[in-house]
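Me: I am new to reading protein models. Can we go through one feature at a time?

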Amino acid sequence: MTAAVHHDRTELSVVIPMYNEEEALPALVARLRPALDGLGERYEVVAVDDGSTDKTAALLADLRESWPELRILRLRRNSGHQAALASGLHRAVGAYVASIDADLQDPPEKIPEMLDLARRDGLDIVYGVRDDRSTDTGFKRRTAGLYYWMMRRLVGKQMPSQAGDFRLLSREAVEALKSLPDQQQVYRLLVPWLGFPSGQVSYHREERVAGETKYPLSKMIRLALDSVTGFSAAPLRIATWLGVVSFFACLAMLVFCLTAYLAGHVVPGWTSLFVAMLFIGGVQLICVGLLGEYIGRIYTAVQRRPTYFIGYDSAERSTASGE
Ligand code: UDP
Ligand code: MG
């Protein structure tokens, strides 16, 4: 036990989703632990092992021997970053709950700063905002730029444009999040949407300390689709507008062809016919796909299946089920 534990309530929980982070874990602990011990307050670190298949679980178990503030949540299978985050937020007990990635792209030393700011100004949310992303790849920066541009249009201006999942929440904000019935939660959108008083701490985003990104393109697309369908029905309106536009284009073509015919010209038309058919077919497929995304969301919402199952919680020492 550290000498830091004086109070009987946990002031701070730090939730860290990790998926196959054996390489990053030692470096993370080396920086996180001094930063938290230095607070002189009671804290817990909730390490969410998102169904890792490498030595992450064994390393965590070892670490816990000498670090009593470390709490391990193990999900039964890989459920994704947002679901891992959800499980941690649902179980964390702190008066404030911070979340941070395991790869040291976000500096743990900023957590005490966030806590100070939240307490001093009575804030419920403190975002970690990246001052620049020069360490991310060009591709990542461009896709992220597009993502935040789109999301600010959907969620509103209160969404900081460079805030990921490095942030601090008050107990009240966590309870508000927990009360939402959404299934595929995208926290970086839901949190600003709550509308609690918020502040920002800017930081420099570093390179991943070790290992590779756990966000391949497929997961990025999934996150983007969940973000859009979870926050707006606007894309459905695109279908209507595409329909209106192609209807009038057709009408114009019809008038043109009829006039030409009456004037004694035959309009030659295999190519244009083919292009028009393909175009309309494409538009229709896109619209059906869009509809499908929303229906898929309704489908999972109706099933009400939990997005994760907790296989092990070191605070309980028993097997518990998901929420
Ligand atoms: N992560 C997770 N489950 C997943 C994918 C990622 O818990 O299925 C965790 C990962 O271990 C890391 C965080 O989510 O702590 C962010 O992932 P990563 O750093 O790979 O994403 P990037 O920074 O490349 O966007
Ligand atoms: Mg990362």
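Predicted model: local features only at pLDDT ≥ 70, side-chain atom pairs only at ≥ 80, totals over all residues.

Me: Let us begin with the whole chain. Which domains does the domain assignment give?

Reply: The assignment gives domain 1, residues 12-213, and domain 2, residues 234-303. The centres of domain 1 and domain 2, taken over C-alpha atoms, are separated by 44 Å.

Me: Now a helix. Why do residues three or four places apart point the same way?

Reply: An α-helix has 3.6 residues a turn, so such residues point the same way. Take helix α2, residues 56-66. Its residues Thr 56, Leu 59 and Leu 60 are buried. They span an arc of only 100° around the axis, so they sit on the same side of α2.

Me: Which residues of α2 are exposed on the other side?

Reply: Ala 58, Asp 62 and Glu 65 are exposed there.

Me: And what covers the buried residues of α2?

Reply: The cover includes strands β1 (12-18), β2 (43-49) and β3 (70-75). Helix α1 (25-37) is also part of the cover.

Me: Next, the core. How many residues does the largest nonpolar core have?

Reply: That core has 49 residues. Those with the most contacts inside it are Val 14, Val 15, Ile 16, Val 46, Ala 47, Val 48 and Ala 98.

Me: How many residues surround ligand 1, and which are the closest?

Reply: Ligand 1 is surrounded by 17 residues. The closest are Pro 17, Tyr 19, Ala 102, Thr 213 and Lys 214. Look at the elements too: β1 and α3 (81-91) each supply at least two residues of the shell.

Me: How do the residues of that shell around ligand 1 divide?

Reply: Six are nonpolar, five are polar and six are charged.

Me: Lys 214 is in the list of closest residues. Where is its place in the chain?

Reply: Lys 214 is in the loop between β7 and α8. For burial, count the other C-beta atoms within 10 Å; 20 or more make a residue buried. Lys 214 has 20, so it is buried.

Me: Which residues is Lys 214 in contact with, leaving aside neighbours within four places in sequence?

Reply: Lys 214 is in contact with Tyr 19 and Asn 20. In sequence, Lys 214 and Tyr 19 are 195 residues apart. In space they are 7.1 Å apart, C-alpha to C-alpha.

Me: What about the backbone of Asn 20? What is its phi?

Reply: Asn 20 has a positive phi of about 50°, although it is not a glycine. It lies in the loop between β1 and α1. Asn 20 is partly exposed because 19 other C-beta atoms lie within 10 Å.

Me: Where is Leu 104 found, and what is its phi?

Reply: Leu 104 is in the loop between β4 (96-99) and α4 (110-121). Its phi is positive, near 65°, and this residue is other than glycine. Leu 104 has 19 other C-beta atoms within 10 Å, so it is partly exposed.

Me: One last residue. Where does His 204 lie?

Reply: His 204 lies in the loop between β7 (198-203) and α8 (217-231). It has 14 C-beta neighbours inside 10 Å, so it counts as partly exposed.

Note on methods:
Residues numbered from 1 in each chain as written. Chains lettered and ligands numbered in written order. Buried ≥ 20, exposed ≤ 12 C-beta atoms within 10 Å, placed from the backbone. Helix = DSSP H or I, 4+ residues; strand = E, 2+ residues; numbered from the N terminus. Arc of directions from axis to C-beta. Contact = placed C-beta atoms within 7 Å. Domains from an automatic or database assignment. Near = placed C-beta within 6 Å. Nonpolar A, V, L, I, M, F, W, Y, C, P; charged D, E, K, R; others polar. Core = buried A, V, L, I, M, F, W, Y, C linked by C-beta atoms within 7 Å.
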